[in-house]
Amino acid sequence: MDLKQALFTLSRSAGPSGMERGACDAAAELLRPYVRTVTRDVMGNLVGIRTAQRRNAGCLLLDAHLDEVSMLVSDHEDGMLKFQAIGIDPRILPGQSVRLCTQPPMMGVVRIKDSKGEEDPEKAPAMDRLRIDCGLTQEQAVSLVPVGTRVVYGTEPFLMGEKTVCGKSMDDRACFVILARVMELLQDKPLPVDVCVLGSVQEEYTAVGASVGAYNLLPDRAIVVDVSFAASPDSPKAATKPLGSGPMIGVGPVMNRAMSEKLQALAKQKQIPYTLEILSDYTGTNADEIQISREGVAVCCVSLPLRYMHTPIETVDLDDIEHCAQLIAAYVLSLEEDAT
Amino acid sequence: MRQTLKTLCGLFGPSGCEDAVRAWLRGQLEPLADQILEDPAGNLLVYKKGAKHLRHTVLLSAYMDEPGLIVREIEDDGFLRFAPVGSADCRYLPGKKVLLGSSGIPGILGMKPIHLTSKEERQTIPKTKELYIDVGARSKEEAEKLVPLGTYGCFASEPLELSDQLLCAKALPGRAGCAVLLELAKQALPVDTWFAFTVQHRIGSKGAFGAAFRIKPDLALILDGYPAGVCPDKANAPCLQPGSGPVIAYMDHSALYDRSLTALLEGVAREKEIPFQPGVWRRTDTEARGIQRSLGGCKAAVLGLTVRDPDSPLGCCSVADVLAMKSLAEGFLAKLEDNYG
């Protein structure tokens, strides 16, 4: 699998929470060669399954979400669009290209609404002072872009240097690429357990996708693969790990301790670089939902370091992606020992 | 015109590093010019004979530069610190892609995730000294090899067409003027004309001084961009909008424009039925700063293009306005013989 190309393809697709179809279709194409079945459940989750050779071998769920942070058109003003967003820092928006999820899709640019010089020049324009400019008249805007229209970043992914990929929606498409790569690494090997790959919907909003997905698939164990904070000059050191330092293995109450320790042991044994991510409370990932599915599921987070989360320039390292995939594939094969 | 404009806006040209723009323009203008030269400042000066020779020397000017940045420090972990060049506006920097140096090394202006920010931070425009560029380097050495100190950078945005008329791009205020001048130079001209494509407008019209001193113009028409909507210092000034026609300027921070020339422009607009918008104020200078007071003085007028968010990676203008600017400039040249023959 060409990891860079896979990242580019998934980054380009649109999948705001609740409208993940575009991203799901692209993800399904990526995963299809490595699993037996690819289906979609009632919530829109993508489910890829490869079963074990034995019956009743147990089930391992691998989760990565397919939705992305997005904006929502809330009103029209002189042909410009007012909008709302959760999880987006308004300071990165002025001058940003965006894609409207209309039929057909439409491009726009975020502008700062002029305010006749009343504003404090030091103060960053808040969301309510930003507008999306699609070059429309008020009439056109009202008819072509109804209130409620979803909007995603319009940036194209690109490579920086030899192994750093930058683009929108790397959170969490880069982790879906990891899962597809895991299944590729395992493709010629017999599986000790059923492996279900869940491309879950709506993680950025309520995590309802993971909740329903886990219920339907009845896993015993789950690895939740999401992004976490990679170091940058303006981030607190304690909250981050360097880009390129390998998978971040979760440690904390939500994590099943045996799984976490097994992952660490495997990383050492296979000489895969890794760090520990201390998650002392809610993880803020789908692990929180999957842990409490049905009778309870043993879960562990494996996180991919990512810079500039929730911006149009989310940045990941190709080596980190490969290392995450190798670690998870090693974990899958290690379940053979537990089975016998 | 549309293609010329898109090509010009796509070129790399922060103030002090306009080489790519100059080289491209020179390539286009070489076969059209009666005389072409690059002066010590880096201005591209082009003379083209017209049907008539006027007693007065006529100059049309536009600038080649755009806001950008310059790398001033490389940190141990490979991140770059920079200084803004040409009044780059900090409100547009975070989260944007930039190109660095003539080889176009891609980089990004990072910003920590919203999860790690406070409400106060989100309400404050970051200062350039707090911002940094990520080029994907993992060490100082790796970054230095890619991007040595002193490397220039500018926005990396691809031009975007919002509709048949509205074009979004970086560098529009200067390059739209360059596009108009280039398209004019492709035509037969009514009078002998100098074209100046100047450097370093955005750091005080540095190029315009030398260009005017060499050409010694008596009459100058200066092309520039005007911010749409915003009237920062004069709340009562009319709001300019793309698509409502070119701007005929009367005054701004740098100059009061010659009334006979503005009247001439208005006359052309009325005759050709081209709508125009009055430019009664703007906070920043035009090239008149350097041209109007050159030598014994020069009558100067400004023809403007209204641009939404002119300093952003995707400012927006109307292609119809650009074409109308060209038509007005053409009419302006044609009328000079009657008035200044």
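How many cavities of 30 Å³ or more does a search of the whole structure find? I began my entries with this point, working on a predicted model. The search returned 6 cavities of that volume or above.

**Entry: the largest cavity**

I looked up the volume of the largest cavity and noted about 60 Å³. I then recorded its lining, which is formed by Pro67(B), Gly68(B), Leu69(B), Ala88(B), Asp89(B), Tyr92(B), Leu93(B), Val98(B), Leu109(B), Cys154(B), Phe155(B) and Asp311(B). Two elements of chain B, strand 4 (68-74) and strand 9 (152-155), each give two or more residues to this lining. By class, I noted 9 nonpolar, 1 polar and 2 charged residues around the largest cavity.

**Entry: the second largest pocket**

The lining of the second largest pocket divides into 12 nonpolar, 7 polar and 7 charged residues.

**Entry: the contact between the chains**

I then examined how chain A and chain B meet. The size of an interface is often given as the accessible area lost when the parts come together, so I looked up that value. About 4,200 Å² is buried between chain B and chain A, and carbon and sulfur atoms give 61% of this area. The contact takes 55 residues from chain A and 52 residues from chain B. I recorded 4 salt bridges between the two chains. One that I looked up joins Arg307(A) to Asp134(B), where the closest N and O atoms are 2.7 Å apart.

**Entry: Thr275(A)**

My last entry concerns a single residue. Thr275(A) belongs to strand 15 of chain A, which covers residues 275-278. Is Thr275(A) buried or exposed? Its relative accessible area is 13%, and a residue counts as buried under 20%. I therefore recorded Thr275(A) as buried, because 13% falls under that cut-off. Finally, I listed the contacts of Thr275(A), leaving aside its neighbours within four places in sequence. Thr275(A) is in contact with Lys241(A), Ser245(A), Pro247(A), Met248(A) and Ile249(A).

Note on methods:
Residues are numbered from 1 along each chain as its sequence is written. Chains are lettered from A and ligands numbered from 1 in the order in which they are written. This is a predicted model: local features need pLDDT of at least 70, side-chain atom pairs count only at pLDDT 80 or more; totals for chains, interfaces and linings use all residues. Side-chain values use heavy atoms; hydrogens and water are left out. Helices (H or I, at least four residues) and strands (E, at least two) are DSSP runs, numbered from the N terminus. Buried means under 20% relative accessible area, exposed over 50%, partly exposed in between (1.4 Å probe, protein chains only). Contact means heavy atoms within 4.5 Å. Ala, Val, Leu, Ile, Met, Phe, Trp, Tyr, Cys and Pro count as nonpolar, Asp, Glu, Lys and Arg as charged, and the others, Gly among them, as polar. Buried area is the accessible area (1.4 Å probe) that two parts lose on being put together, summed over both. A salt bridge is a side-chain nitrogen of Lys or Arg within 4 Å of a carboxyl oxygen of Asp or Glu. On a 1 Å grid over the protein atoms alone, a cavity is a set of points where a 1.4 Å probe fits but cannot get out, and a pocket is an open set with protein on both sides within 12 Å along at least five of seven lines; lining residues have an atom within 4 Å of a point. Grid points are joined across faces, edges and corners, and a volume is the space filled by probe spheres set on the points.
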